[in-house]
Every structure is written in C-alpha cells, then in structure tokens.
Amino acid sequence: MQVIPSISEMQSVAISLRTQGKLIGLVPTMGALHEGHLRLIDAAKQKADIVIVSIFVNPTQFGPSEDFSKYPRTFEEDVAACEKRGANIVFAPKKDDIYPAGYSTYVSEERISKGLCGISRPGHFRGVCTVVNLLFNITRPDFAVFGQKDAQQAAVIKKMVADLWLPVEVVVAPTVREADGLAMSSRNRYLSDEQRQEAAKIYRAMCEGKRMVDEGSRSPDRVLAEITHVLSQSRRIRLIYVALVDRETFMPAREVVPGKCLITVAVWVNEVRLIDNLEI
C-alpha cells in the first residue's frame, strides 16, 4: 500500500491509473478510523480496482468554537488499518497544501444544506463541499463512498455532483452501529463510560419513533414528540434538533411516507456533539 502526501504525486498516480483503465474508488475520511470507515473501504473494493483512502482533518468545515484542534488524530493506526483492510493508497495531504496562502475559492450547495446541521453549524457544508471537490479533482475517482450516518452530508454531496456534472458516482453505505445501537463515530472517543451509556439512548429514541410509524402513525408531530420525550429522560443529553425529513430533499415532512422519510437527530452528550438518523 502506498502512502502519498503530495498532491502532485497523487494527481500523477490517478491519471496513470485511469490511463490503464483502472476504476478508482475514493473513501474520504478525517482519520480516527473505526469499523464504520473500514466498511466504506469494503464497499469501495466491491466496485473499484483501486481504493484510495484520504485522511485529512478539514479545517474549513469546523466552526470557530468547534473541536478542530482536539479532533482525534491517529495517523499511524489509521494507515495500518487501511492496509489490513485492503486499501491500495492512503492520500494524506498537508493543510497548507490543500489550502495554501491566499486560498479563496469555495463551493456551496444552497438548498439541502440549509436546514438541520446547516443551521447549527453555519459554514460547515461549504467546507465539506469545497474539500470534497478538491479531493475529487486530485484523486480522479469513478466512485466515492460515504456513510449513511452523515445522511445530510451525503445528500449535499450527491446534489453538488449532479449540479456540477462531476463524473463521480456517490455510493452511500449503511450506518455501522455498536451492539447497543450507537452509531460508530470518531467523536465517540470523547465519551466517558457513563456518557457512552447515555448516548445509546439516541438510537433507542429513534426506534420508538419508527415503532409508531410501523404501527400506523403518519403524524410527524406525534412521532417527533415521542422521540423528544425519550431523549428528555437523560440528564446528559441536550437536544440540538430532531426532525422528520424527506430522505432526498431534507425538507420537513408534512406527512410520514414510509420508505421516503428519515428521522434525523443531533444532540450534545455533555460537550460531545453526535448525530444520527434512521429511515422509516
């Protein structure tokens, strides 16, 4: 497995691979890899001849009071995990190479990104779209694999790809969960044992909402009220948002349409921000 830090070298390798007729799959990450990331590598291997995993903690998607400086960085362990899982290349550029002095060009999706995390994290999706475009331009993938846990992000990227006619297929792989249902996330590393137990209530609350739908409820207000009630039972959880949205547009659903809606949740567990979603 190659580890490539240079943008120009990565571009040259990508061009050479495409000239050889190789299909390239990209798994964009910010490192601190867990089993959820490794499943994305598995998904990429099913479609691509060459799998590139990018590791880059992107500063432009963090707000001024967010956790960029303390975001977990475990590069050596990440490289070993990628190699063991069968990735072909780890692309690990430096911040000053991706965003050199005087950098001033950004990409912004203006519809799907407006609600939910777009409200609670202003500028976040502009940073995501910008860095993903840069990674696409550098690695030249045929496919790019993202996780369903970040459902709004995946929808924003799909829209960006469609609107800008980017020749990349966006693949969304299922959320990977712990045994108690907690969605795997790099930020789970921040949680104490007690906070970790409380965080599992996020999934249980969403499952209560899904149960109501499965039993015939079609009122978003009733479903959301039940989820909010379950979450409010925890003294460590503070709700940022809970919403029931169309799975493609991320607009609030006026009526529950099974198979076309998502429950989306963002919370603080003490000082740790976690998100999750569940199709209903």
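Visitor: Is Gly 123 buried, exposed or partly exposed here?
Guide: In this predicted model, Gly 123 counts as partly exposed because its relative accessible area is 43%, and its place is in the loop between helix H5 (117–120) and H6.

Visitor: Next, the core. Which residues of the largest nonpolar core touch the most other members?
Guide: That core has 43 residues, and the ones that touch the most other members are Met 10, Ile 52, Ile 89, Val 132, Phe 136, Ile 157 and Phe 250. Helix H6 (residues 124–139) supplies the largest share of this core, with 9 residues.

Visitor: What other core lies apart from it?
Guide: Another core, of 27 residues, lies apart from the largest one, and its members include Val 223, Leu 224, Leu 231 and Cys 261.

Visitor: Back to Phe 250, where does it lie?
Guide: Phe 250 lies in the loop between strand E7 (237–246) and strand E8 (261–269), and it counts as buried because its relative accessibility is 7%, where the cut-off is under 20%. Leaving aside neighbours within four places in sequence, Phe 250 is in contact with Ile 112, Leu 116, Ala 151, Gln 152, Ala 155, Val 245, Leu 262 and Thr 264.

Visitor: What about the phi of Phe 250?
Guide: Phe 250 has a positive phi of about 65°, although it is not a glycine. Arg 140 also has a positive phi, near 55°, and is likewise a residue other than glycine; its place is in the loop between H6 and strand E5 (143–147).

Visitor: Which residues does Ile 24 touch?
Guide: Not counting residues up to four places away in sequence, Ile 24 touches Ala 14, Leu 17, Arg 18, Ala 48, Ile 50, Ile 52, Thr 139, Arg 140, Pro 141, Asp 142 and Phe 143. The place of Ile 24 is in strand E2 (residues 24–29), and it is buried, with a relative accessible area of 0%. The C-alpha atoms of Ile 24 and Ile 52 are separated by 7.3 Å, although the two residues are 28 apart along the chain.

Visitor: Switching to helices, at what angle do H2 and H3 pack?
Guide: Helix H2 (residues 35–47) and helix H3 (residues 75–85) pack at an angle of about 35°, and their axes are 10 Å apart. The crossing in which H2 passes H3 is right-handed.

Visitor: Which residues make that contact?
Guide: From H2 the contact uses Glu 35, Leu 38, Arg 39, Ile 41, Asp 42 and Lys 45, and from H3 it uses Ala 81, Cys 82 and Arg 85. Sorted by class, this contact of H2 with H3 has 4 nonpolar and 5 charged residues, and no polar ones.

Visitor: Now polar contacts. What joins the side chains of Asp 276 and Arg 177?
Guide: A polar contact of 2.7 Å joins those two side chains. Asp 276 is found in strand E9 (residues 272–279) and is buried, with a relative accessible area of 5%. Apart from neighbours within four places in sequence, the residues in contact with Asp 276 are Arg 177, Ala 183, Ile 202, Met 206, Ile 263, Thr 264 and Val 265.

Visitor: And with which side chain does Asn 58 make a polar contact?
Guide: The side chain of Asn 58 makes a polar contact with that of Thr 60, at 3.1 Å. Asn 58 is found in the loop between strand E3 (50–55) and H3, and it counts as buried at 1% relative accessibility. Not counting residues up to four places away in sequence, Asn 58 touches Met 30, Phe 68, Tyr 99, Gly 127, Val 128 and Val 131.

Visitor: Last one: is Lys 94 buried or exposed?
Guide: Lys 94 counts as exposed because its relative accessibility is 53%, and it is found in the loop between strand E4 (89–91) and helix H4 (95–98). Not counting residues up to four places away in sequence, Lys 94 touches Pro 5 and Phe 56.

Methods:
Residues are numbered from 1 along each chain as its sequence is written. This is a predicted model: local features need pLDDT of at least 70, side-chain atom pairs count only at pLDDT 80 or more; totals for chains, interfaces and linings use all residues. Side-chain values use heavy atoms; hydrogens and water are left out. Axes are lines fitted to C-alpha atoms, for helices over the stretch in contact, and angles run from 0 to 180 degrees between N-to-C directions. Helices (H or I, at least four residues) and strands (E, at least two) are DSSP runs, numbered from the N terminus. A crossing is left-handed if the near helix is turned anticlockwise from the far one by less than a right angle, and right-handed if clockwise. Contact means heavy atoms within 4.5 Å. Ala, Val, Leu, Ile, Met, Phe, Trp, Tyr, Cys and Pro count as nonpolar, Asp, Glu, Lys and Arg as charged, and the others, Gly among them, as polar. A nonpolar core is a set of buried Ala, Val, Leu, Ile, Met, Phe, Trp, Tyr and Cys residues joined through side-chain atoms within 4.5 Å. Buried means under 20% relative accessible area, exposed over 50%, partly exposed in between (1.4 Å probe, protein chains only). A polar contact is a pair of N or O atoms within 3.5 Å; within protein, one must be able to donate a hydrogen and the other to accept it, and residues adjacent in sequence count only if both atoms are side-chain atoms.
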